[in-house]
Amino acid sequence: MRFLGNSEAKTDAKGRVFFPAVFRKQLQTAAEECLILRKDTYQDCLVLYPESVWNEQMNELRSKLNRWNSKHQMIFRQFVSDVEIITLDGNGRFLIPKRYLKLADIRQEVRFIGMDDTIEIWAKKIADKPFIAPEDFGKELEEIMGNNNNEGLE
């Protein structure tokens, strides 16, 4: 399952929003019943995980943490404790809880961004700005992708 592209939507007075049809079709094709919502670890956005992806993430994190280490347990607890299980209603909408709207500074307009196996939800006013300056994006991408250990071979 690969989510690509972006889509804009508006929340209603209750915080409900229509899940983009293109992403909804992918979930249906993959027979995913629910999504897991949590605040992103690094950015002021929300992340939707298909349940299977969430379970993979949980397994990966758990495999790197020791249950008998108190700091590891706090990290795991923090990661898993503040999530919401999301199911779409018959109209393809879901509720974004008020605390999540505040965490991501979402007022009404949102942008869904497909991020490979997850979907981010951003306040449109934040997502309208470049995440990285175009000239920096090219340089960084060249540095990452151009570093292929074939230096000197032309």
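One cut-off before we start: buried means under 20% relative accessible area, exposed means over 50%, and partly exposed is in between, using a 1.4 Å probe and protein chains only. This is a predicted model, where local features need pLDDT of at least 70, side-chain atom pairs count only at pLDDT 80 or more, and totals for chains, interfaces and linings use all residues. Residues are numbered from 1 along each chain as its sequence is written, and side-chain values use heavy atoms, with hydrogens and water left out.

**Stop one: Asp12 and Arg16**

Select Asp12 and Arg16: they form a salt bridge, with the closest N and O atoms 2.7 Å apart. (A salt bridge here is a side-chain nitrogen of Lys or Arg within 4 Å of a carboxyl oxygen of Asp or Glu.) Asp12 has 27% relative accessibility, so it counts as partly exposed. Arg16, at 25%, is partly exposed as well.

**Stop two: H2 against H3**

Now select residues 51-64, helix H2, and residues 70-81, helix H3. (Helices are DSSP runs of H or I with at least four residues, strands are runs of E with at least two, and both are numbered from the N terminus.) The two pack at an angle of about 170°, with axes 10 Å apart. That makes H2 roughly antiparallel to H3, a label for angles over 145 degrees. The axes are lines fitted to C-alpha atoms over the stretch in contact, and angles run from 0 to 180 degrees between N-to-C directions.

Which residues in H2 meet H3? Show Trp54, Met58, Leu61, Arg62 and Lys64; their counterparts in H3 are His72, Gln73, Phe76, Phe79 and Val80. Contact means heavy atoms within 4.5 Å.

**Stop three: Asp82 and Arg99**

Move on to Asp82, which forms a salt bridge with Arg99 at 3.4 Å between the closest N and O atoms. Asp82 lies in the loop between H3 and strand S5 (84-86), while Arg99 is in helix H4 (residues 98-103), so the pair ties together parts 17 residues apart in sequence. Asp82 is partly exposed at 29%, and Arg99 is partly exposed at 40%.

**Last stop: Lys124 and Asp128**

Finish by selecting Lys124 and Asp128, a salt bridge whose closest N and O atoms are 2.7 Å apart. Buried or exposed: what is Lys124? It is buried, with a relative accessible area of 17%, whereas Asp128 is partly exposed at 43%.

Methods:
Angles under 35 degrees count as roughly parallel, over 145 as roughly antiparallel, 65 to 115 as roughly perpendicular and the rest as oblique.
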